[in-house]
Amino acid sequence: MALAPSFAAGWDVETLMALLRAHPPGRAHFVETKEVSILDRPLESSGELVFTPPDRLEKHVTSPGDERLVVDRDRLVIQRQGRRQELALADYPQVAVLIESIRGTLAGDRAALERTYTLELAGDAQGWRLVLRPRDAALAKLVTQVTIEGSQAEVQRVAIEQADGDRSLMRIVRP
């Protein structure tokens, strides 16, 4: 999708954030592909995402295995293979920044996004691309950018590019 900056008819970051804020919470199916430099082929997983505004995000991977990640406010709970691990996001800034990019976008929380990222919006309400680039130089050594694409209030793709060349693409489809 080739998008050029478009701010005609009042289309801007605040308009997008208002659309996202007004969108009801819900469930969506995802397929995620991760390209990791030390692996011969991409890793693919799929499952369900559940977002409950303003700050609860659940990712339930159902394939290739069973894994559940739940972020609630400042805590991350990981459940896999019968084990449960709870982490404070403040102790893992590289994880927190990725979570906040998705959670902040889904919540339409521009202030939360701008604390960590510069925002660049292209396109229009029918097809938009929001590019998030870390403000902090130390963070930019981990993540170069997060690109979120959608239509209206629907987030459809989240692409994460890491400084080491690894990348992931999550495609999101509402049932």
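Trainee: Is Arg73 buried or exposed, and at what relative accessible area?
Mentor: This is a predicted model. Arg73 sits in the loop between strand 4 and strand 5 (75–80). A residue counts as exposed when its relative accessible area is over 50%. Arg73 is therefore exposed, and its relative accessible area is 53%.

Trainee: What is phi of Arg73 near?
Mentor: Arg73 is a residue other than glycine, and its phi is positive. The value of phi for Arg73 is near 55°.

Trainee: Which loop holds Gln81, and what is its phi?
Mentor: Gln81 is found in the loop between strand 5 and strand 6 (83–88). The residue is exposed, with a relative accessible area of 67%. Although Gln81 is not a glycine, its phi is positive, at about 50°.

Trainee: What is omega near for the peptide bond from Pro53 to Pro54?
Mentor: Pro54 lies in the loop between strand 2 and strand 3 (56–63). The peptide bond from Pro53 to Pro54 is cis, with omega near 0°.

Trainee: And what is omega near for the peptide bond from Ser63 to Pro64?
Mentor: Pro64 belongs to the loop between strand 3 and strand 4 (67–72). The peptide bond that joins Ser63 to Pro64 is cis. Its omega is near 15°.

Trainee: Is Phe51 buried or exposed?
Mentor: Phe51 has its place in strand 2. The cut-off for buried is under 20% relative accessible area. Phe51 has 8% relative accessibility, so it counts as buried.

Trainee: Which residues is Phe51 in contact with, leaving aside neighbours within four places in sequence?
Mentor: One of them is Leu106, which is 55 residues from Phe51 in sequence and 7.7 Å from it in space, C-alpha to C-alpha. With the neighbours within four places set aside, the contacts of Phe51 are Pro25, Gly26, Arg56, Leu57, Arg103, Leu106 and Ala107.

Trainee: How many cavities of 30 Å³ or more are there, and how much space lies in the largest cavity?
Mentor: The search covers the whole structure and finds 1 cavity of 30 Å³ or more. The space in the largest cavity is about 210 Å³.

Trainee: Which lining residues lie nearest the centre of the largest cavity?
Mentor: The lining of the largest cavity has 13 nonpolar, 2 polar and 2 charged residues. There are 17 lining residues, and those nearest the centre are Gly26, Phe51, Leu106, Val155 and Arg174. The elements that give two or more residues to this lining are strand 1 (26–35) and strand 2 (43–52).

Trainee: What is the volume of the largest pocket, and which residues lie nearest its centre?
Mentor: The volume of the largest pocket is about 990 Å³. Its lining consists of 37 residues. Nearest the centre of the largest pocket lie Glu32, Lys34, Lys59, Glu67 and Leu69.

Trainee: Which element gives the largest share of the lining of the largest pocket?
Mentor: By class, this lining has 21 nonpolar, 5 polar and 11 charged residues. Elements that give two or more residues to the lining of the largest pocket include strand 10 (154–162), strand 11 (167–173) and helix 2 (93–107). The largest share is 5 residues, and these come from helix 2.

Trainee: How far apart in space are Ala137 and Lys59, C-alpha to C-alpha?
Mentor: Ala137 is in helix 4 (residues 137–140), and it is exposed, with a relative accessible area of 56%. In sequence, Ala137 and Lys59 are 78 residues apart. In space, C-alpha to C-alpha, their separation is 29 Å.

Trainee: Why is the protein chain described as being as compact as a globular protein of its length?
Mentor: The protein chain has 4 helices and 11 strands. For 175 residues the globule rule gives 16 Å, and the radius of gyration of the protein chain is close to that, so the chain is as compact as a globular protein of that length. The radius of gyration in question is 16 Å.

Trainee: What share of the residues of the protein chain count as buried?
Mentor: The accessible surface of the protein chain comes to about 9700 Å², and 51% of it belongs to carbon and sulfur atoms. Of the 175 residues, the share that count as buried is 42%.

Key: Residues numbered from 1 in each chain as written. Predicted model: local features only at pLDDT ≥ 70, side-chain atom pairs only at ≥ 80, totals over all residues. Heavy atoms only, no water. 1 Å grid on protein atoms, 1.4 Å probe; cavity = no way out; pocket = protein on both sides within 12 Å on 5 of 7 lines; lining within 4 Å. Points joined across faces, edges and corners; volume = space filled by probe spheres on them. Nonpolar A, V, L, I, M, F, W, Y, C, P; charged D, E, K, R; others polar. Rg over C-alpha atoms; globule rule 2.2 N^0.38 Å. Buried < 20%, exposed > 50% of the residue type's maximum accessible area, 1.4 Å probe, protein only. Areas by Shrake-Rupley, 256 points an atom, 1.4 Å probe, with all protein chains shown as cover. Contact = heavy atoms within 4.5 Å.
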